[in-house]
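Have the sequence and the 3D view open side by side while reading.

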Amino acid sequence: MADQLGIEFHVVNLMRDYREKVVKYLLEGYGSGITPNPDVMCNREMKFGVLWDWARERGFEFIATGHYARNAKCSVLSAQSGFTEHSVILKGADPNKDQTYFLAMMQPEQVEIARFPIGHLLKPELRDMARELELKTAEKKDSQGICFIGEVRMEDFLRAFVPDKPGAIVNLEGKVMGEHRGLHLYTLGQRKGLRVASPLYKQAYVVVAKRHERNELVIAIERPDTPLLWARRCVISGVSTTGADLMQPMTLSAMPRYRSPAAAASFTPLQREDGLAAELVFDEPQRALTPGQICALYDGERLLGGGVFESVRYE
């Protein structure tokens, strides 16, 4: 593509930083029993972190990416300096491609130098533009998979680094239903790959808990009221803001996983020695809130920031 467009192309080897900041985070997370999100951390730590440090030293002013998100300016009134403008991130114009969830842990200074040149377009419009320009990637398939392992299954990747630790699969009553290969290979809300036959047609077992002290995987038949599957209250930690004031209680919308609808919730900040945390109380119960996963926070279309699910309270 660079050759076709007549622009310079440089390959920057950041493998050592990648191992330390993303791959290590992923493996330590799964090893400790949570479900981390490496793609979100890759944006904060690598694209707009290590890569930006490299670019800034060489005179670059911005980092542009292909995320489906939009740049905007927000005016803020300050007693010291009056009205000042700062950059904010808005959801992408294409609701089927919006990727602001993956930008939820960015810092305000990173938002200032980020540019999202395709966020105002629908994907079909972008492909039409690429065809008109006769770009070689006009018909290229959408990329899938985790940023650094590509099309390799996460299970296969993990098994190369984290040893299997088989244990019992049990139901809510404690009855043994089968054997799992290691708790790190499963996530809350998972239906496929459990290797436990469903009792009736159109009924499916789902993972509702992981008991690390017993090395047990807990499953149950999925219903609208399945215990341990649905919750309204949770605590998120490591709260990061993209520039919004998250130090006050507020009502906002929260996206507990990519492609899930953003749901109304009340946000109450919790000041702790290890950083900003918050209690989230959703208006409606949410399915499979998973420790280690990222929760993105919004005010309408504006991305406010995000945090990591730390604990969930079942009522």
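**A walk through the model**

E216 is found in strand β8. The model shown here is a predicted one. Is E216 buried or exposed? With a relative accessibility of 16%, E216 counts as buried, because buried means under 20% relative accessible area. Apart from its neighbours within four places in sequence, E216 is in contact with A168, V170, H180, L183, A209, K210 and R211.

The loop between β7 and β8 holds N215. The phi of N215 is near 55°, which is a positive value in a residue other than glycine. N215 has a relative accessibility of 13% and therefore counts as buried. A positive phi also turns up at L228, at about 70°, although L228 is not a glycine. L228 is placed in the loop between β8 and β9 (230-241). With 29% relative accessibility, L228 counts as partly exposed.

Next come the nonpolar cores. How many residues does the largest nonpolar core have? It has 32 residues, and those with the most contacts inside it are M46, L194, V208, L217 and I219. At least two residues of this core come from each of α2 (15-31), α3 (38-57), α6 (154-159), β5 (167-170), β7 (205-211) and β8 (216-221). To see one of these residues in its surroundings, select M46. Not counting residues up to four places away in sequence, M46 touches L14, D17, Y18, K21, V22, M41, L51 and W52. There is also a second, separate core of 24 residues, which includes W52, I89, F116 and M255.

Helix α2 can now be looked at by itself. α2 bends by about 35° at V23. Its buried residues are Y18, V22, V23, L26, G29 and Y30. Among the parts that cover the buried residues of α2 are α3 and α6. E28 also lies in helix α2, but E28 is partly exposed, with a relative accessible area of 49%. E28 and M1 are 27 residues apart in sequence, and their C-alpha atoms are 37 Å apart in space. After α2 comes G33, whose phi is positive, near 100°.

The aromatic rings are the next topic. How many aromatic pairs does the structure hold? There are six aromatic pairs. In one of them, the rings of F48 and F116 have centres 6.5 Å apart and planes at 75°. The pair is edge-to-face, because planes over 60 degrees apart count that way. F48 lies in helix α3, while F116 lies in the loop between β4 (114-115) and α5 (123-132), so this pair ties together parts that are 68 residues apart in sequence. Both F48 and F116 are buried.

Another aromatic pair, F102 and Y258, is tilted, with 4.6 Å from centre to centre and 55° between the planes. Which parts does this pair tie together? F102 is in the loop between β3 (82-91) and α4 (108-113), and Y258 is in the loop between β10 (250-255) and β11 (263-272), so the pair ties together parts that are 156 residues apart in sequence. F102 counts as buried at 15% relative accessibility, whereas Y258 counts as partly exposed at 27%. Y101, F102 and Y258 form one aromatic cluster. A ring can also have a charged residue over it: K91 lies over the face of Y298, at 4.6 Å from the ring centre.

The last topic is the cysteines. A disulfide is a covalent bond between the sulfur atoms of two cysteines. How many disulfides are counted in this model? The count comes to zero. C234 has 3% relative accessibility and so counts as buried.

How values were computed:
Residues are numbered from 1 along each chain as its sequence is written. This is a predicted model: local features need pLDDT of at least 70, side-chain atom pairs count only at pLDDT 80 or more; totals for chains, interfaces and linings use all residues. Side-chain values use heavy atoms; hydrogens and water are left out. A nonpolar core is a set of buried Ala, Val, Leu, Ile, Met, Phe, Trp, Tyr and Cys residues joined through side-chain atoms within 4.5 Å. Buried means under 20% relative accessible area, exposed over 50%, partly exposed in between (1.4 Å probe, protein chains only). Helices (H or I, at least four residues) and strands (E, at least two) are DSSP runs, numbered from the N terminus. Contact means heavy atoms within 4.5 Å. A disulfide is a pair of cysteine sulfur atoms within 2.5 Å. Rings of Phe, Tyr and Trp (its six-membered ring) pair if their centres lie within 6.5 Å; planes under 30 degrees apart count as stacked, over 60 as edge-to-face and the rest as tilted. A charge sits over a ring if NZ of Lys or CZ of Arg is within 6 Å of the ring centre and within 35 degrees of the ring normal. The bend at a residue is the angle between axes fitted to the seven residues ending there and the seven starting there.
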